[in-house]
Amino acid sequence: MSFTVLIVDDSPAMRSFIRRVVDMSGFDVGKCLEAGDGEDALSQLESSWVDVVLTDINMPRMNGEELLRRMHCDDLMRGIPVVVVSTDSTEARMKTMLELGARGYVTKPFHPEKLRSELERALEVAHV
Ligand SMILES: [Mg+2]
């Protein structure tokens with residue numbers, strides 16, 4: 001079976017970079033959806049089945065922390081694994097994101113292998 005990945009980042013260049021890493025990861029990715037902020041991500045999550053979310057934190061309208069909070073409060077979205085991909089590497093922020101249910105944390109700039117391994121971890125957890 002193939003996975004559907006949702007990439008959430010306000011930078012189109014970063015979204016396409018992440019998409020390339022995901023495409024070359026060796027996972028069976030059926031569909032790669034993209035969102036430019038948390039609000040956009042939530043509406044996509046309401047209308048499409050997504051296996052894993054890769055999200056930035058600093059975004060306009062709704063940031064990644066608020067996105068995670070909203071997902072955490074939703075019975076269906078709570079089960080979707082989330083990997084944070086952000087320049088924010090402060091301990092307090094990482095702690096908050098992990099408490100809100102994030103399964104992995106990748107600090108930008110990142111090596112493609114780091115994202116690949118976090119993605120692998122997140123997907124395995126999702127399919128236990
Ligand atoms: Mg950003």
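Where is the place of Arg61? Arg61 sits in the loop between E3 and H3. This is a predicted model. The chain averages a pLDDT of 94, and 97% of the residues score at least 70. An open sheet of 5 strands and a nonpolar core of 28 residues are the main topics below.

**Confidence**
- Confidence in the chain is highest in strand E3 (residues 52-55), with a mean pLDDT of 98.
- Helix H5 (residues 112-126) has the lowest confidence, at a mean of 87.

**The sheet**
- The 5 strands run in the order E2-E1-E3-E4-E5, and their pairing is parallel.
- E2 and E5 are the edge strands, each pairing on one side only.
- On average, neighbouring strands of this sheet are turned by 20 degrees against each other, direction ignored.
- E3 and E4 run parallel and are joined by 3 bridges.
- Leu54 has Val83 as its bridge partner in E4.
- Strands of a sheet pair through backbone hydrogen bonds, either parallel or antiparallel.

**Helices on the sheet**
- H1 packs on the sheet and touches E1, E2, E3 and E4.
- The direction of H1 makes about 165 degrees with that of E2.
- H3 lies across E1, E3 and E4.
- The angle between H3 and E4 is about 170 degrees.

**The two sides of H2**
- Helix H2 spans residues 38-47, and its residues Gly38, Ala41 and Leu45 are buried.
- These three are on the same side of H2, because they cover an arc of only 55 degrees around the axis.
- An α-helix has 3.6 residues a turn, so residues three or four places apart point the same way.
- The buried residues of H2 pack against strand E1 (3-8), strand E2 (29-35), E3 and helix H3 (64-72).
- The face turned away from the buried side of H2 carries Ser43, Glu46 and Ser47, which are exposed.

**The nonpolar core**
- The largest nonpolar core has 28 residues.
- Leu6, Val8, Leu54, Val83 and Val84 have the most contacts inside this core.
- Two or more residues each come from E1, helix H1 (12-23), H2, E3, H3, E4 and H5.
- Val8 touches residues beyond four places away in sequence, including Ala35, Val53, Leu54 and Leu67.
- Val8 also touches Gly38 and Ala41, two of the buried residues of H2.
- In soluble globular proteins, nonpolar side chains tend to be buried together.

**Met77**
- Met77 lies in the loop between H3 and strand E4 (82-86).
- Met77 counts as buried because it has 20 C-beta neighbours inside 10 Å.
- Beyond its neighbours within four places in sequence, Met77 is in contact with Leu45 and Met71.
- Met77 and Phe17 are 60 residues apart along the chain, and their C-alpha atoms are separated by 25 Å.

**Backbone points to check in the loops**
- Arg61 is not a glycine, yet it has a positive phi of about 65 degrees.
- Arg61 is exposed, because it has 11 other C-beta atoms within 10 Å.
- The peptide bond from Lys108 to Pro109 is cis, with omega near -5 degrees.
- Pro109 is in the loop between strand E5 (104-107) and H5.

Definitions and conventions. Residues are numbered from 1 along each chain as its sequence is written. This is a predicted model: local features need pLDDT of at least 70, side-chain atom pairs count only at pLDDT 80 or more; totals for chains, interfaces and linings use all residues. pLDDT is the predictor's confidence in each residue, from 0 to 100. Helices (H or I, at least four residues) and strands (E, at least two) are DSSP runs, numbered from the N terminus. A residue is buried if 20 or more other C-beta atoms lie within 10 Å of its own, exposed if 12 or fewer, and partly exposed in between; C-beta atoms are placed from the backbone. The arc is that of the directions from the helix axis to the C-beta atoms. Two residues are in contact if their C-beta atoms, placed from the backbone, lie within 7 Å. A nonpolar core is a set of buried Ala, Val, Leu, Ile, Met, Phe, Trp, Tyr and Cys residues joined through C-beta atoms within 7 Å. Two strands pair if DSSP finds at least two bridges between them. Axes are lines fitted to C-alpha atoms, for helices over the stretch in contact, and angles run from 0 to 180 degrees between N-to-C directions.
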